[in-house]
Amino acid sequence: MGEAVTRQYPKCFKPVTLAAMGVEPERRASFVRRVAALLIDWGACLVIATVLFSSAVPWTPDYSFGSPDLSLIVLGLFVLETSVLVWLIQGSFGQRLVGISVVSISGRMTYWRSLVRSLLVSLVIPPLVMDEDGRGLQDRATGTQVVRVP
């Protein structure tokens, strides 16, 4: 009855500090850079979807700007773009433009980890919940950290 209960938490929820990862705290990407990268990525996907699925292209149905169908297409392009580019070059189009990169804490970045991270970012809430090291829930779940590129 007096014994302490120890709980085993998943690896992604164990506290990991920047020092343990080999990342200096000053290299941590700021919230402003992250938001700027997100807006650049979203804008690029919006432009691509509007160009590809506008009424000017004869073989596509007319998805007018602001329609729910176009919004889902933009979201799909966003998830595809960020997951593939984070997997291949450790950062999406917008992240590379603002000088930040996604690094893996343990092991190499696989496509599945990148895809899960992108899906969590598209849910909006996980990036807003950060720990003391500036890692959002999507970073904690996938074992990644967003850092500034020197």
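**Figure 1. Overall architecture of the predicted chain.** Along the sequence, the protein chain runs in the order α-α-α-α-β-α-α-α-β. This amounts to seven helices and two strands, where helices (H or I, at least four residues) and strands (E, at least two) are DSSP runs numbered from the N terminus. The model is predicted: local features need pLDDT of at least 70 and side-chain atom pairs count only at pLDDT 80 or more, whereas totals for chains, interfaces and linings use all residues. Residues are numbered from 1 along each chain as its sequence is written, and side-chain values use heavy atoms, with hydrogens and water left out. Of the 150 residues in the protein chain, 36% count as buried; buried means under 20% relative accessible area, exposed over 50% and partly exposed in between (1.4 Å probe, protein chains only). Among contacts between residues at least 6 apart in sequence, 64% join residues at least 24 apart, a contact being heavy atoms within 4.5 Å.

**Figure 2. Packing of helix 2 against helix 3.** Helix 2 (residues 31-52) packs on helix 3 at an angle of about 125°, and their axes lie 9 Å apart. Helix 2 is therefore oblique to helix 3. Axes are lines fitted to C-alpha atoms, for helices over the stretch in contact, and angles run from 0 to 180 degrees between N-to-C directions. Angles under 35 degrees count as roughly parallel, over 145 as roughly antiparallel, 65 to 115 as roughly perpendicular, and the rest as oblique. The crossing of helix 2 past helix 3 is right-handed; a crossing is right-handed if the near helix is turned clockwise from the far one by less than a right angle, and left-handed if anticlockwise. Helix 2 contributes Leu38, Asp41, Trp42, Cys45, Leu46, Ile48, Ala49 and Thr50 to the contact, and helix 3 contributes Leu70, Ile73, Val74, Leu75, Leu77, Phe78, Glu81 and Thr82. By class, the residues in the contact of helix 2 with helix 3 are 12 nonpolar, two polar and two charged. Here Ala, Val, Leu, Ile, Met, Phe, Trp, Tyr, Cys and Pro count as nonpolar, Asp, Glu, Lys and Arg as charged, and the others, Gly among them, as polar.

**Figure 3. Packing of helix 3 against helix 5.** The axes of helix 3 (residues 68-89) and helix 5 (residues 111-122) are 8 Å apart, and the two helices pack at an angle of about 140°. They are therefore oblique to each other. Helix 3 passes helix 5 in a right-handed crossing. From helix 3, the residues Leu75, Phe78, Val79, Thr82, Ser83, Val84, Val86 and Trp87 meet Tyr111, Ser114, Leu115, Ser118, Leu119, Val121 and Ser122 of helix 5. The contact of helix 3 with helix 5 comprises 10 nonpolar and five polar residues, with no charged residues.

**Figure 4. Surroundings of threonine 144.** Threonine 144 lies in strand 2 (residues 144-148) and counts as buried, at 0% relative accessibility. Its side chain makes polar contacts with the side chains of aspartate 139, at 2.8 Å, and arginine 117, at 3.5 Å. A polar contact is a pair of N or O atoms within 3.5 Å; within protein, one must be able to donate a hydrogen and the other to accept it, and residues adjacent in sequence count only if both atoms are side-chain atoms. Beyond its neighbours within four places in sequence, threonine 144 is in contact with residues including Val102, Val103, Ser104, Ile105 and Met109. Valine 102 is 42 residues from threonine 144 along the chain, and their C-alpha atoms are separated by 6.5 Å.

**Figure 5. The loop between helix 6 and helix 7.** Aspartate 131 lies in the loop between helix 6 (125-128) and helix 7 (137-142) and counts as buried, at 18% relative accessibility. A polar contact of 2.8 Å joins its side chain to that of arginine 140. A polar atom of the aspartate 131 side chain also lies 2.8 Å from the backbone nitrogen of arginine 135. Glycine 134 belongs to the loop between helix 6 and helix 7 and counts as buried, at 11% relative accessibility. Not counting residues up to four places away in sequence, glycine 134 touches Arg28 and Arg34.

**Figure 6. Loop residues with positive phi.** Glutamine 90, in the loop between helix 3 and helix 4 (93-98), has a positive phi of about 60° although it is not a glycine. With a relative accessible area of 33%, glutamine 90 is partly exposed. Valine 124, in the loop between helix 5 and helix 6, has a positive phi near 75° and is likewise a residue other than glycine.
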